[in-house]
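Please look over the model shown here. The report below starts with the sheet and then moves to helices, salt bridges, the surface and backbone angles.

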Amino acid sequence: QGGKLDVLVNNAGIIRGSGSLEESPEDWRLTLETNLIAPYALTQASLPLLSKSPSPAVINISSVCAQHPYDTCTSMAYSASKAGLDLMTRRLALALAPRGIRVNGLAPGVVVTEMWGEETELISASVARRHVLHQRAIREEEIAAAALYLASPAAACITGSILNVDAGYALG
């Protein structure tokens, strides 16, 4: 009843499909529902609690796959959903600024998680050439550190930004 929410992190993400024209409409629907529509709905539902916080922030986890049609991004639906999330992040930043709610996004490079399943060795091999800074996958704790920064008072003047946490993936 009297609670508040200081930070909302929309970290939903699924990958369905092969990156080809063979991706099914069902794969697209499920991907868009999870990666784009759910973050919007959760943000919308959280507004009453966020409005009670002295420094509220929304952080949407996107992907560098939203920024360029990389051949290593394995699903058209995933890339499109994350590109939509980036634009939604900027639109929400505009809409929520009058309420003092900051909205930003993080765009990781490849973070090897359970979502990749048995492809981990294949992903690790291809990551070296894309992550030019460290030549390794991004670690989950590196994404968490960037999210903590965006949630902190140090980022009080940042809204509508998409921060790449990609070890240079987007450069090449």
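## The sheet

Four strands form an open sheet in the order S1-S2-S3-S4, with parallel pairing. Strands S1 (7-10) and S4 stand at the edges, each with a single partner strand, so one side of each has no neighbour in the sheet. From one strand to the next, the twist averages 20 degrees. Strands are DSSP runs of E with at least two residues, helices are runs of H or I with at least four residues, and both are numbered from the N terminus. Two strands pair if DSSP finds at least two bridges between them.

This is a predicted model, in which local features need pLDDT of at least 70 and side-chain atom pairs count only at pLDDT 80 or more, while totals for chains, interfaces and linings use all residues. Residues are numbered from 1 along each chain as its sequence is written, and side-chain values use heavy atoms, with hydrogens and water left out.

Strand S2 (residues 57-61) pairs with strand S3 (residues 102-108) in the parallel sense, over five bridges. Ile59 stands opposite Asn104 in S3.

## Helices on the sheet

Helix H1 (residues 25-50) packs on the sheet and touches S1 and S2. The direction of H1 makes about 175 degrees with that of S1. H4 also packs on the sheet, touching S1, S2, S3 and S4. The direction of H4 makes about 165 degrees with that of S3.

Contact here means heavy atoms within 4.5 Å. Axes are lines fitted to C-alpha atoms, for helices over the stretch in contact, and angles run from 0 to 180 degrees between N-to-C directions.

## Salt bridges

How many salt bridges are there? The count comes to three, taking a salt bridge as a side-chain nitrogen of Lys or Arg within 4 Å of a carboxyl oxygen of Asp or Glu. Lys4 and Asp6 meet in one of them (3.1 Å, N to O). Lys4 is partly exposed at 45% relative accessibility. Asp6 is partly exposed at 33%. Buried means under 20% relative accessible area, exposed over 50%, and partly exposed in between (1.4 Å probe, protein chains only).

Arg29 and Glu26 also form a salt bridge (3.9 Å, N to O). They are three residues apart in helix H1, so about one helical turn separates them. Arg29 is exposed, with 53% relative accessibility. Glu26 is exposed, with a relative accessible area of 53%. Glu142 and Arg136 form another salt bridge (2.7 Å, N to O). Glu142 is partly exposed at 25%.

## Nonpolar surface

Val132, Leu133 and Leu171 make a nonpolar surface patch of about 350 Å². Leu133 sits in the loop between helix H3 (120-130) and helix H4 (140-151). Leu133 counts as exposed because its relative accessibility is 61%.

Patches are made of residues with over 30% relative accessible area and no salt bridge; like charges are joined within 9 Å, and nonpolar side chains (Val, Leu, Ile, Met, Phe, Trp, Tyr) within 5 Å. Accessible areas come from the Shrake-Rupley method with a 1.4 Å probe, and for residues only the protein chains shown count as cover.

## Positive phi angles

Gln135 has phi near 50 degrees, a positive value in a residue other than glycine. Gln135 lies in the loop between H3 and H4. Its relative accessible area is 53%, so Gln135 is exposed.

Ala167 has phi near 50 degrees too, again positive in a residue other than glycine. Ala167 lies in the segment after strand S4 (162-165). Is Ala167 buried or exposed? At 11% relative accessibility, Ala167 counts as buried.
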